[in-house]
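Here is a short tour of one protein chain, meant to be read with the structure open beside the text. Please take a moment to turn the model around before reading on.

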Amino acid sequence: QDHRDLLAQMESGQAELERLRKAEGERAAQQERSSQLEKEVAALREKIHHLDDMLKSQQRKVRQMIEQLQNSKSVIQAKDAAIQELKERVSYLEAENLEMHDRIEHLIEKQVSRSGSSARARSKSEYVSRCGRNSGIRGGNAGIWVRNVRI
């Protein structure tokens, strides 16, 4: 009976030893898996940090581009305003020029009609070009002169 008891104890001890070895193997596998997961988590954290940096950099670039676009828009608006002002000045000067031409034509017609029938009739363009060659039309601070008559 002692022999059976010893055999039973031995078998029980071997079973316990086998169970402990199995548990230890599982524990080692768990530790290895845990270590592997920790490495993966560290790598993912590093990737997230890198992506955050890239995102911040892209956001900075987008803000700079928006600022440049706003500055360009302001410059374009200022140039558009200057162009509009110049167009208005050109229109004003063209109107003034037209008015001066009308006044000169009127004075030329007056002068031609004063000179009577002795002078042959000339076209207005001929008269203006002739007066221009003879310095009959001149400008300055004293006003506009046509054939030595101040307008």
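What percentage of the 151 residues of the protein chain count as buried? The figure is 6%. Please keep in mind that this is a predicted model. The protein chain exposes about 13400 Å², and 53% of that area is supplied by carbon and sulfur atoms.

**Elements and confidence**

The protein chain holds 2 helices and 3 strands. Read from the N terminus, their order is α-α-β-β-β. Average pLDDT for the protein chain is 82, and 76% of the residues score at least 70.

The region to read with care is residues 117–151, where pLDDT stays under 50. For these residues the model has 43 contacts beyond four places in sequence. As for the protein chain overall, consider the contacts with a separation of 6 or more: 26% of them join residues 24 or more positions apart.

**Helix α1**

How does its span compare with expectation? The 113 residues of α1 should span 168 Å at 1.5 Å a residue, and the end C-alpha atoms are 164 Å apart, so the two values agree. Buried residues in α1 include I104, L107 and I108.

**A salt bridge within the helix**

How many salt bridges does a search of the whole structure find? The search finds 1. This salt bridge links E16 with R19, and their closest N and O atoms are 2.3 Å apart. Why can these two side chains meet along the helix? E16 and R19 are 3 residues apart in helix α1, which means that about one helical turn separates them. In general, an α-helix has 3.6 residues a turn, so residues three or four places apart point the same way.

Conventions: Residues are numbered from 1 along each chain as its sequence is written. This is a predicted model: local features need pLDDT of at least 70, side-chain atom pairs count only at pLDDT 80 or more; totals for chains, interfaces and linings use all residues. Side-chain values use heavy atoms; hydrogens and water are left out. pLDDT is the predictor's confidence in each residue, from 0 to 100. Contact means heavy atoms within 4.5 Å. Helices (H or I, at least four residues) and strands (E, at least two) are DSSP runs, numbered from the N terminus. Buried means under 20% relative accessible area, exposed over 50%, partly exposed in between (1.4 Å probe, protein chains only). Accessible areas come from the Shrake-Rupley method with a 1.4 Å probe; for residues, only the protein chains shown count as cover. A salt bridge is a side-chain nitrogen of Lys or Arg within 4 Å of a carboxyl oxygen of Asp or Glu. The expected span of a helix is 1.5 Å times one less than its number of residues.
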